[in-house]
There are 2 protein chains.
Amino acid sequence: MVEEKENVSANGEQVSKKGAKKAAKAAKKAEQKAESAAAASAGNDGEAGDVADHAQGRYGLSEMIQSKDKRSERIFVTVPELVNHVDKGLVWVRGRVHTSRAKGKQCFLILRQQSSTIQCILAVNDIISKQMVKFTGNIPKESIIDIQAKPVSVPNKIESCTEQTVELCVEQVFVISQAKPQLPLQIEDASRPENPDDAEGLNIRVNQDTRLDNRVLDLRTPANQAIFRLEAGVCRLFRDILTEKGFTEIHTPKIISAASEGGANVFTVSYFKDSAYLAQSPQLYKQMAIAADFDKVFTVGAVFRAEDSNTHRHLTEFVGLDLEMAFKYHYHEVLHTIGNTFTAIFKGLRDQYSREIEAVGQQYKVEPFKFLEPPLILQFAEGVAMLRGAGVETGDEEDLSTPNEKLLGRLVKAKYDTDFYILDKFPLAIRPFYTMPDPNNPIYSNSYDMFMRGEEILSGAQRIHDPEYLIERAKHHGIDTTKIAAYIESFRYGCPPHAGGGIGMERVVMLYLGLDNIRKTSMFPRDPKRLTP
Amino acid sequence: MVEEKENVSANGEQVSKKGAKKAAKAAKKAEQKAESAAAASAGNDGEAGDVADHAQGRYGLSEMIQSKDKRSERIFVTVPELVNHVDKGLVWVRGRVHTSRAKGKQCFLILRQQSSTIQCILAVNDIISKQMVKFTGNIPKESIIDIQAKPVSVPNKIESCTEQTVELCVEQVFVISQAKPQLPLQIEDASRPENPDDAEGLNIRVNQDTRLDNRVLDLRTPANQAIFRLEAGVCRLFRDILTEKGFTEIHTPKIISAASEGGANVFTVSYFKDSAYLAQSPQLYKQMAIAADFDKVFTVGAVFRAEDSNTHRHLTEFVGLDLEMAFKYHYHEVLHTIGNTFTAIFKGLRDQYSREIEAVGQQYKVEPFKFLEPPLILQFAEGVAMLRGAGVETGDEEDLSTPNEKLLGRLVKAKYDTDFYILDKFPLAIRPFYTMPDPNNPIYSNSYDMFMRGEEILSGAQRIHDPEYLIERAKHHGIDTTKIAAYIESFRYGCPPHAGGGIGMERVVMLYLGLDNIRKTSMFPRDPKRLTP
């Protein structure tokens, strides 16, 4: 079969004798492989060998790209750009075979590039042979190909592609990386809208585990391409907005010597001849950065929870967006900063990621995310009153159960028309030892949670910056203060009052988009039952 | 003694009986504590009690700031802004006591805010009492105080402060957070220039372990304040430059099921009833993201090396700046992208962080970092030739030893006047199994390192994207391919040729600034002997 013309011999460089021998062997092997694979693609009827092929050299399996030459003469065009190249002659495009179908003298191929698709046509003529059409029709889906083609306008919209007004008249096709003919999941199935009204039979779904087991394929769907681009946007907006407000990014260690936030739910690491733990949050370190005069800090990084929770919203490893900030007199200085940061993130997503939000919406039907400016702040006691008004029995110092949290979200949405709100002044009893008690009412604390679509995405508080009071509160919680001596010590050399919070990144993306499972927003999720891929 | 006036009673809120009792108790305790501490500060002569104090209410220990009220009337001014407030009346400033010295009827205090310092004066007059001067002179260094003062011009430059033309005439002083009187290290000592020409006696140094053991204090030096702000800049520039080039940020798991890059130097984690490992790099995951059509990706995150290396440049946990990129025909498309990214980072640091670079330079004398545009690219074989020219014996397929690496850096600097260069085409034998061999010379590979001031800061390569060839190379390296089945599998569904690299963030900052130890650029470093703080 046919290969692209390559300077197989070493291009001008001196090659050692041993080297030359090896290289020759490798080249021969590559050739043999290409041939046998191409023969397989061409079908079983031996046709390719029988009939003279006037398209020879215009199609085939490319040699493995090993950076032998630069081919600087080839200018590649991206699929969305093709509309600007109509009737301007030949262009090169690299993409995946989304679908390919040869019928008689024609082959229709849909080429996909990330989320963009375009129709390509080959028809037997003076430069395209029957063999070439057949070869192209047999390229396995998901293979990567280089095509040279003429972009032309089409009279009728091509509904099945993102590029609806242009198609490509192909003149050359080379397979760059061939996919297995049998895929563990079909991109079309994995991309199918989750519309509960669909007739059951037409509604082939790919289940979560199949998706995650074959994540490299699953991630190619338009919704997943969009989700992870938007996720990158959440991180970027978080950092840019805080940097603008004068925050400094820091990095905190993940391997720590003591399970500082209580011993539960912590992974153990063997550390040379000793053992250590994986940090459940950067809490103590971001506070130390405040004591070290960094004033306002944030950090983005992995946090670990050895919690055997198999729910839609728990992961054992996730990305924490953490911040901490010194304030002058009242932790609401910080609470408002965090609230405004969320508002700015929501606006940034709405304004800069509308295409991604739309792409996700085409698979998962979701109401747009609503928020108020400035954000709604309710007292915990008000939230309890709303729940009681809805007939729920809950104690004054009782934490919100997951169902109550969701119910409260619905009540707030109904009353205030917002998917984001802040609940301030949580009961002291249910918060960590380092939480500052409310000076005005001892059952409460200077702490807050923030919610998106009725689920918690941030937990934060004013922290105790007085070492003696911190010891008192730690002891009250039954914590061995010798194990957090370095932490307590860091407040003995002058520390400003400060507050902060930790945000679960994957939750923010999940809830912003209204998705039902956090595994949809973690590229390679980790849970108690999943450590691969 | 005196406290700021506070509404100690609950401000209008209903307090439960039990709560009110507790609150009253807490308030009394705070008061007692404040009094006894203030009395201690006032000295042993009982003077404060003996003489009427006309400054009462203008100084003292503040109650712990528990967000009781907002004091929204107080407008705080930062130290660098004070120059704009000269002769415009009273302002509030919060800062640390850098030094304080009372002598007779006067007290000179230097107030520090991050890296900025300003002189403050109190002299006995109709509003300042002798007791107030004494109290202020006795505030322990590093305590945080709020002062109300008039900014005034000074006739002679104040050489000992960063604000040399303004001083503050203090009218009120309140201690917000009091430091221990005995500090484990003095900020002045920790900030002292490392000038080898200094007379020995005057040159009190603080050793590395004392610094790291008391990192919260050590980080307050102007050099450290600058180092970690510049480090945040390196990360920001890296991300912004790549985002601009069309890269997408991803997040990769740190907990992995198999020690995929060979079993050595990997930390083991207990994972529920199983065991797992800490990722030595995001290598396999960023490649999977390429196979999953993300085209160009980067990730910033913790990487772990269980290597018992106690050197100036090894950490067991550090921040990796990783990137991976699909290319069309030659890995130099990627090599140039990375090279240009470095150039842009160096320019960004030079242009946006000149103040920080200067601050570091005041403690550690270092030559400015030089770079060429475009960056210098040498072949590995050329590097070997340069070393041999300098009398070093080294083999064609031998890796660069650390001394040879440094020597080559000096040779390159002498010849090309650059502190940054790229060494391309490393011997195949010394690179990981997934490295693409050089098609033109079998002893080499399509791989590269990048160096700053003669030390490696990036290692990268074209990766093998053909699954069969990858298996062949893995077997050649004696790797059990069943353990990396998911990784190999990800290339079976079409994968574009790609290359990338991993950068050690702390090394970049260390070498850009010309520092001598990587522990200076990791906020809370981890090495085989250090797990705290």
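Which residues in H3(A) are buried? They are Gln131(A), Met132(A), Val133(A), Phe135(A), Thr136(A) and Gly137(A), where buried means under 20% relative accessible area, exposed over 50% and partly exposed in between (1.4 Å probe, protein chains only). This is a predicted model, in which local features need pLDDT of at least 70, side-chain atom pairs count only at pLDDT 80 or more, and totals for chains, interfaces and linings use all residues. Residues are numbered from 1 along each chain as its sequence is written, chains are lettered from A and ligands numbered from 1 in the order in which they are written, and side-chain values use heavy atoms, with hydrogens and water left out.

**Chain A**

- Chain A has 15 helices and 17 strands; helices (H or I, at least four residues) and strands (E, at least two) are DSSP runs, numbered from the N terminus.
- Of the 533 residues in chain A, 59% are buried.
- Six of the eight residues of helix H3 (residues 130–137) of chain A are buried, so this helix is largely enclosed by the rest of the structure.
- Among the contacts in chain A with a separation of 6 or more, 70% join residues 24 or more positions apart; contact means heavy atoms within 4.5 Å.

**Relation of the two copies**

- The same surface serves both copies, as 99% of the contact residues of chain A recur in chain B.

**Interface of chain A and chain B**

- Chain A gives 122 residues to the contact and chain B gives 121 residues.
- About 10500 Å² is buried between the two chains, and carbon and sulfur atoms give 59% of this area; buried area is the accessible area (1.4 Å probe) that two parts lose on being put together, summed over both.
- Tyr329(A), Asn440(A) and Tyr493(A) supply 9% of the area that chain A buries against chain B, more than any other three residues.
- Eight salt bridges are found across the interface, each a side-chain nitrogen of Lys or Arg within 4 Å of a carboxyl oxygen of Asp or Glu.
- Arg112(A) forms a salt bridge with Asp293(B), and their closest N and O atoms are 3.3 Å apart.
- Helix H7 (residues 222–244) of chain A provides ten residues, the largest share of the side of chain A that touches chain B.
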